[in-house]
Amino acid sequence: MEILIERNDIQPLVYSKLVNLHRNTLRMKRLITELLDFRKQEQGFEKLRYSNQDLYPFLEEIYLSFRKYARARQINFKFLDKEKNLEVWFDVVQLEKVVYNLLSNAFKYTPAGGIVLLSVQEYENSVMILVSDTGVGIAEKSLDKVFDRFYQVDNLDNSKGTGIRLALARSIIESHQGKVSVRSMEGEGTTFSVELPLGDSHIYDS
């Protein structure tokens, strides 16, 4: 499809159909990847590869990858206190999945003119990554279910996904001996919190 799209001799009607097919194929690929990632994590095949990383530059790279999208959506996206430094032991690939999934959810449910914030709170023995938005929020009855696999919040999900992104996020963070939680209010917004332990003792407990 990509080769066909690059051709110059395609009729506009055919071209628009090819573009739509290509978009749907990419979406299907993402959904399949989510399912495979979750299954590997669930069955314990996804072994964590820890490394000692500065958390703030790691998060800034993710922030920068969403910034253009935020401008296109007319959403005010900020990463607070990004000039700080903090060494944390984590699996770069797996934690990246978690933050990407949480930010993707935040943008998905935040309308134009809204705000999405990425921030960090440091404690004596742990660090917390927070993704906050001023989106549509989650009903109180759904808050204790959003991390269940295949669960989809009825009042939010107009474009159905797999319902496993948050379940995958929880599984990854729990593998890091951490915690993930959510607080939300309908019509006002949502905050997801990811807590990770400091030091390296959790590596040997995994």
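Which residues does His176 touch, not counting residues up to four places away in sequence? Hold that thought while I set the ground.

This is a predicted model, with residues numbered from 1 along each chain as its sequence is written. Local features need pLDDT of at least 70, side-chain atom pairs count only at pLDDT 80 or more, totals for chains, interfaces and linings use all residues, and side-chain values use heavy atoms, with hydrogens and water left out.

Back to His176. Its contacts (heavy atoms within 4.5 Å) are Leu48, Tyr50, Phe90, Asp91, Gln94, Leu196, Pro197 and His202. His176 sits in the loop between α5 (165-175) and β6 (179-185). Helices here are DSSP runs of H or I, at least four residues, and strands are runs of E, at least two, numbered from the N terminus. Buried or exposed? His176 is buried, at 1% relative accessibility. Buried means under 20% relative accessible area, exposed over 50%, and partly exposed in between, with a 1.4 Å probe and protein chains only. A polar atom of the His176 side chain lies 2.9 Å from the backbone oxygen of Ile172.

Next, helix α3. Yet α3 has a kink of about 35°, centred on Phe66. The bend is the angle between axes fitted to the seven residues ending there and the seven starting there.

Which residues of α3 are buried? Leu55, Tyr56, Phe58, Leu59, Ile62, Tyr63, Phe66 and Ala70. An α-helix has 3.6 residues a turn, so residues three or four places apart point the same way. The cover over these buried residues includes β1 (50-54), β2 (76-79), β3 (87-91), α4 (92-108), β4 (115-122) and β5 (126-133).

Now the ends of α3. At the start, a side-chain oxygen of Asp54 comes within 3.3 Å of the backbone nitrogen of Tyr56. Just after the helix, Gln74 takes a positive phi of about 60°.

On to β2. Phe77 and Phe79 point to one face and are buried. β2 runs parallel to β4, joined by four bridges. Strands pair if DSSP finds at least two bridges between them. Phe79 stands opposite Leu118 in β4.

Last, charge. There is one salt bridge, counting a side-chain nitrogen of Lys or Arg within 4 Å of a carboxyl oxygen of Asp or Glu. Asp9 and Arg7 form it, at 2.6 Å, N to O. Asp9 is exposed at 51% relative accessible area, and Arg7 is partly exposed at 44%.

Technical notes: Polar contact = N/O pair within 3.5 Å; in protein donor to acceptor, adjacent residues only side chain to side chain.
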